[in-house]
Amino acid sequence: MAKTHLTIAETVQMLLHVCRGMQASKDLLSEADRAIGDGDHGVGMARGFEVAQSKLEGQPATTLDVLFQTVGMALLTSVGGAAGAVFGTWFRGGARNLAGREHFDSAALASWLNDGLQAVQERGKAQVGDKTMVDALQPAALRAQALVSLPLEEALPQVAEAARQGMERTKDMVATVG
Amino acid sequence: MKAKKIINDPRNVVTELLEGLVWAYHGRIRKLEGVNALVKTELPPGKVGLLIGGGSGHEPLFHGFIGENMADGAACGNIFAAPTPDVILAATRALDQGKGVLYLYGNYAGDNMNFDIAAEMAAEEGIATRTVRIWDDVASAPPERVDERRGIAGDLFVIKVAGAAAATLDSLDEVYRVTAKARDRVRSMGVAVSAGSLPETGEPTFTLGPDEIEIGMGLHGEAGVSREKLLPADALVDKMMQRILADLPFRRGDEVCLLINDLGATTMMELLIVNRRVRQILEQEGIGVYDTIIGSFCTSQEMAGFSISLMQLDDELKHYYDMPARSFGYTRA
């Protein structure tokens, strides 16, 4: 049987895994940024996810909205620049309809991605095709919405693939914002 | 090749440079507890607050422009990165005396979003804010999309006028009006001949060939209007001035303030050679120069290059421009 959802404790573990992964990707992110920006993206993101990690480790797991708010505030207040604002807004905005929820299932994933996408677009005014995170986030949110009836374990790889394909499409785009 | 820098732990550069700046102010500014925000130690009661800010690493911009008839405080980001909303909010609280706070900063996506988030948080606490984004860089977008342009060294003129306005005008709306007017009359353009580097990594923020320059390049290495072979100073200045003058446009009979700004590693010798040509052109165009500022005001680490900024004056702007000002990075007697 495919796993239908993550418990709160497992969701914390997932987020911690993400925090560690982002810190480990510091040089990769900076290298990518150097090609298109000033090369400081990895530094800020590593700093932000380090703070997020310590906040997550330092508080008891409660509900999904608290977890995502915690990560969002950590990013918003420690990454800086445009990245801190949009990633913080994504996590915080995505928590909008997760109050009290304790199961991270496909519906929670879709809720987080769609509300987060809306919040990011309101904040940064970016549309699909502007060569921003919206190009990966929007197809992922759409795919997640279409797969809410699947177990999380089956939905997640498809959602990730949609995001990856969205990211690949940005390679031919010209940046217009930020 | 990694840059040589006189720093300690690269992660501490912002904290340490702000500590050094506080010392340089001899008690006239203080750092807020727990955040990288600096504010004047003594604020005249009942004054409209003027908060500036942006990424660090461009010193003396922004935090070096706190002072008498200048900014009341600055929210300081990490190197080349916008300050975070909690820092901006803390500074806003410290500056608000019931009259509200004007946010004044360069027009970059990160700054816009972080200041907007802070403005929403301030509004929830009952603190009024208004925002002027500086967009003086003519090379960064065409005139019909002026609100997509970046803020560069012209920041100094706008902060100068805003500081004087905020020191004398009683309402946030009036300070906003004068500041926006100054912003709308400033035009700048820069050229980079070699890159600066990030203290955290030591890596240059972009690469130019040995004899290449980029005309109109942004403070962080953002693309400009053209990449060319190194030109003699006069030919380079001619290209830049042509674009700046046509943009507002500046006209015969105008009176302007002129700023020739070093981006970090260009010598005073070169800036003066630039100034010579700028004045020849302005003379020829029949544009009067009311005041000239030459030096390092808006830098990008050891980036070599310079920018030219002009502010078109009217009686009102001249009044505020003429008020004395005192700050670490800029003083007018």
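B:Ile52 is buried, since 29 other C-beta atoms lie within 10 Å of its own; a residue is classed as buried if 20 or more other C-beta atoms lie within 10 Å of its own, as exposed if 12 or fewer do, and as partly exposed in between, with C-beta atoms placed from the backbone. The model is predicted: local features need pLDDT of at least 70, side-chain atom pairs count only at pLDDT 80 or more, and totals for chains, interfaces and linings use all residues. Residues are numbered from 1 along each chain as its sequence is written, and chains are lettered from A and ligands numbered from 1 in the order in which they are written. For chain B the mean pLDDT (the predictor's confidence in each residue, from 0 to 100) is 96, and 100% of the residues reach 70 or more. The complex receives an ipTM of 0.83 and a pTM of 0.92 from the predictor.

B:Ile52 belongs to strand 3 (residues 49–56) of chain B; helices (H or I, at least four residues) and strands (E, at least two) are DSSP runs numbered from the N terminus. Beyond its neighbours within four places in sequence, B:Ile52 is in contact with B:Phe62, B:Phe65, B:Ala71, B:Ala74, B:Leu104, B:Tyr105 and B:Ile159, two residues being in contact if their C-beta atoms, placed from the backbone, lie within 7 Å. B:His63 is eleven residues from B:Ile52 in sequence, with a C-alpha to C-alpha distance of 7.7 Å. B:Phe62, one of the contacts of B:Ile52, lies in the loop between strand 3 and strand 4 (67–68) of chain B. The peptide bond that leads from B:Leu61 to B:Phe62 is cis, with omega near -15°.

Further backbone features occur in other loops of chain B. Most residues other than glycine have a negative phi, and most peptide bonds are trans. B:Asn69 is not a glycine, yet has a positive phi of about 60°; B:Asn69 is located in the loop between strand 4 and strand 5 of chain B. B:Asn69 is buried because 21 other C-beta atoms lie within 10 Å. Phi is also positive, near 50°, at B:His26, in the loop between helix 1 (13–24) and strand 1 (29–31) of chain B. B:His26 has 9 C-beta neighbours inside 10 Å and therefore counts as exposed.

The largest nonpolar core contains 155 residues, of which B:Leu102 and B:Ala162 touch the most other members. This core draws at least three residues from each of domain 1 (11–185) and domain 2 (186–321) of chain B. A nonpolar core is a set of buried Ala, Val, Leu, Ile, Met, Phe, Trp, Tyr and Cys residues joined through C-beta atoms within 7 Å. Apart from neighbours within four places in sequence, the contacts of B:Leu102 include B:Val48, B:Leu50, B:Val132, B:Ala162, B:Leu172 and B:Tyr176.

Chain B is divided into domain 1 and domain 2, with bounds that come from an automatic or database domain assignment. The centres of the two domains, taken over C-alpha atoms, are separated by 23 Å. Contact between them involves 31 residues of domain 1 and 34 residues of domain 2. On the domain 1 side, helix 4 (155–168) and helix 5 (172–184) of chain B are the elements that give two or more residues, and helix 4 of chain B supplies the largest share, eight residues. The residues of this side divide into 18 nonpolar, four polar and nine charged. Here Ala, Val, Leu, Ile, Met, Phe, Trp, Tyr, Cys and Pro count as nonpolar, Asp, Glu, Lys and Arg as charged, and the others, Gly among them, as polar.

The contact between the chains takes 22 residues from chain B and 20 residues from chain A. Strand 5 (73–79), helix 2 (85–95) and helix 3 (109–124) of chain B are the elements that give two or more residues to the chain B side. Helix 3 of chain B gives the most, with five residues. By class, the chain B side has ten nonpolar, nine polar and three charged residues.

Within chain A, the axes of helix 2 (residues 26–36) and helix 3 (residues 41–57) come within 6 Å and cross at roughly 145°. Axes are lines fitted to C-alpha atoms, for helices over the stretch in contact, and angles run from 0 to 180 degrees between N-to-C directions. The residues that meet include A:Leu28 and A:Leu29 in helix 2 of chain A, and A:Val43 and A:Met45 in helix 3 of chain A. Five nonpolar, three polar and three charged residues make up this helix contact.
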